[in-house]
Amino acid sequence: MNRTAPARAAARRLPLWKATLLVALQELRGSFRDQQTVVYAVLVPIFLYPLIFWLLIQGSLVIRGRAERTEVRIGVAFEAGAEPRAELVPALAARPGVAPSAAASGELERVEPVQASGTLPEHAARAWLASAGARTPDAVLWLPAGEGEPARLFYDSTRRRSRLAKERVSERLEPLTRRLREDAARASGGSPLDLVPFEVQEANVAPERDLVAYALSFLLPMLLVVMCVLGAFFPAVDLTAGEKERSTAETTLLLPIPRLAVHQGKILAVCAAAVLATALNLAALGLTAGHLMGMLRESLGVGFSGLPVLALLSVAPLALLFAFFVSAVLTGIASLAGSFKEGQAMLGPVQLIFIVPAMAGAIPGVELSMGLACVPVVNVVLAFRALLQGKMLFAEYAVVALSLCVYALIAVRLAVRLLSREGAPLASETVPLWRVLAQLRSSGGSR
Amino acid sequence: MSSIEPLTDALMRDAPASIEARGLAKVYADPRRGTVSALQGLDLDCWPGEIYGLLGPNGAGKTTTLRILATILAPTSGTARVDGVDVQADPLEARRRIGYLSSTTGLYPRLSARETLEYFARLHGFEGAALRARVDELIEIFDMRPFADGRCGALSTGQRQKVSIARAVLHDPPVLILDEPTTGLDILASSAMIDFIESRRAAGACVLFSTHILSEAERLCDRIGVIHQGRLLASGTYAELAELTGKRWLEEIFRALVRGAADRKGEA
């Protein structure tokens, strides 16, 4: 090939910011051509929540359907001397709100009452439940002889059918109990209302929107941290240890731009992937939860007027700073790994550094204060939660933003130092963590 | 060092050396081997329009030398200049004057050939029409049109090699550093690489390449440097090295130089 003078003439130095941006864009393009990154950063957020909610709904419908179709057997026994009640057995067989005849022939929530032959003492009633046989009841209702002594319902909480039987007995005896109480009141010449001298009806005055926001305020901040960490995880390993495996580290070191731009570009690319994953996760969960709330509006009695958009927008700057912090930490540590597999193994425990404080921050009762605003991870969780709950803590937000900024800058600086270690991008052996500090002290600046 | 003054091309000496290394040493800590002296005071001069072959066995210090010159590694002591630029003082400018190739090609597998060239062109400061023109020109020159939009990871070895060469010469560097460029290539690809190296010499560039393939060095190099255990044992034209050692074939020359070095070490 002949020397082309124009080629050399056209070449010129780039400003640092532009070089950083070009590296970040190239790394992002490469990352998003990697299946794992696409799955974790894009596909999981988009499809995971609708799938989880759909599975939950379908699962609960299946379980509920199975429960409704299950016929349970209730043993009815009386202690010697107890007054037998003829209305008990029909009441057990009848489904509340359904005519006895229809319930008897119906398919759902069927109860087969079985009366004990003769009277039974309490221990025998218990033993009946535990006995083996085709006609063994799932729960036993035992009426004692003593006046005013409550009836007992024996059931086994470790057996599904027994739990079902207990629920159905409780449900079906409640109207009978009420009717008997009212009959007794009338028989004594009083009013059934006299039996309820003081009644309390609960009324939640919180706006519907606040109810949903309150529920989301515990979920979304945790999700922000977890998804930011997961979103940064694969790109961080891919752009450092992965580069060693692809034998492209040498090429990257030879790029005609300052090394600082290369390292910053990598961190920026990891950060962009983390931000994308976080934003998609929050949006996908919010939209899916919103859709579900809309569907369940009537049955739950809780309304939902849409995503907490203002809170999401308000937390965006904090989330961005947090993403920088996470990305720099993960990228720096991943650069110590000799291979992709070792990088994954190395970052596994490191994720806990972020997730455990996030869990602590999600504990009800822990509120954003000036002190906690300086604690990394916890501060962003509490600030987001406060925003979702509509609390305006401007001074605390400012401290959170400032401290996140400081942590992010320190993390980026340390990550750049780790990435700048001579020969680090070419080393095929993982650097033990105990040697990191020594390497940080000895590593020079970026070339 | 049994250095011999090159006899050829006296005019070449009037121009400043394209590569100039003085007392290059590199010591590093290896987790398994302890402290390793990869280079022990290496001196080197390469001139424009010259092909210089660095010949040595595995572990002799060839790659370390090339990596120091390419600013990938910093020397423990000594100085190196590439096209007049001190690699320690201004590594960025040194990198801008180097085209580097290795046997692994080091191409980003998830980028296409065209994207690779565009990326490097942008980093070299090409923009707009100049960028497109340069990339198209290289695609034409290296006959890459059929696979220009295929991802590098899916290309054949020969195709990857073409992309790699195009990337290395994209900015028309005055110095080419090639680390065992023909290792792993088949006969046709090796032949194409040799043609390329010769074409760069014809274009006036300085080509420094490492190899342990004696025939390759014999055919291509204007001068040869024999490196062993981090030291340059001798440097000169093929004829000069033959005269120095009294041997005819490069293999014999190489063995004589290595044996001589071992004897001197034993005496010391």
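Visitor: How many Å separate the centres of domain 1 and domain 2 of chain B?
Guide: Taken over C-alpha atoms, the two centres are 27 Å apart, and the domain bounds come from an automatic or database domain assignment. This is a predicted model, in which local features need pLDDT of at least 70 and side-chain atom pairs count only at pLDDT 80 or more, while totals for chains, interfaces and linings use all residues. Residues are numbered from 1 along each chain as its sequence is written, with chains lettered from A and ligands numbered from 1 in the order in which they are written.

Visitor: And which residues go into each domain of chain B?
Guide: Domain 1 of chain B takes 10-97 together with 173-267, and domain 2 of chain B takes 106-172.

Visitor: How many residues of each are in contact?
Guide: Eight residues of domain 1 of chain B contact eight of domain 2 of chain B, where contact requires C-beta atoms, placed from the backbone, within 7 Å of each other. On the domain 1 side, helix α6 (residues 187-202) of chain B gives the largest share, four residues; helices (H or I, at least four residues) and strands (E, at least two) are DSSP runs numbered from the N terminus. By class, that side has seven nonpolar, no polar and one charged residues, with Ala, Val, Leu, Ile, Met, Phe, Trp, Tyr, Cys and Pro counted as nonpolar, Asp, Glu, Lys and Arg as charged, and the others, Gly among them, as polar.

Visitor: Switching to chain A, at what angle do α13 and α14 pack?
Guide: Helix α13 (residues 309-334) and helix α14 (residues 340-361) of chain A pack at about 150°, with axes 10 Å apart; axes are lines fitted to C-alpha atoms, for helices over the stretch in contact, and angles run from 0 to 180 degrees between N-to-C directions. α13(A) is therefore roughly antiparallel to α14(A), a label for angles over 145 degrees.

Visitor: Which residues make that contact?
Guide: From α13(A) they are A:V326, A:L330, A:I333 and A:A334, and from α14(A) A:G343, A:M346, A:L347, A:V350 and A:F354. Together they divide into eight nonpolar, one polar and no charged.

Visitor: Back to B, how many residues does each chain put into the contact between chains A and B?
Guide: Chain B provides 33 residues and chain A provides 32. On the chain B side, α2 (91-96), β6 (98-102), α3 (113-123) and α4 (128-141) each supply at least two residues, and the largest share, four residues, is from α2(B). That side divides into 18 nonpolar, nine polar and six charged residues.

How values were computed
Contact = placed C-beta atoms within 7 Å. Parallel < 35°, antiparallel > 145°, perpendicular 65-115°, else oblique.
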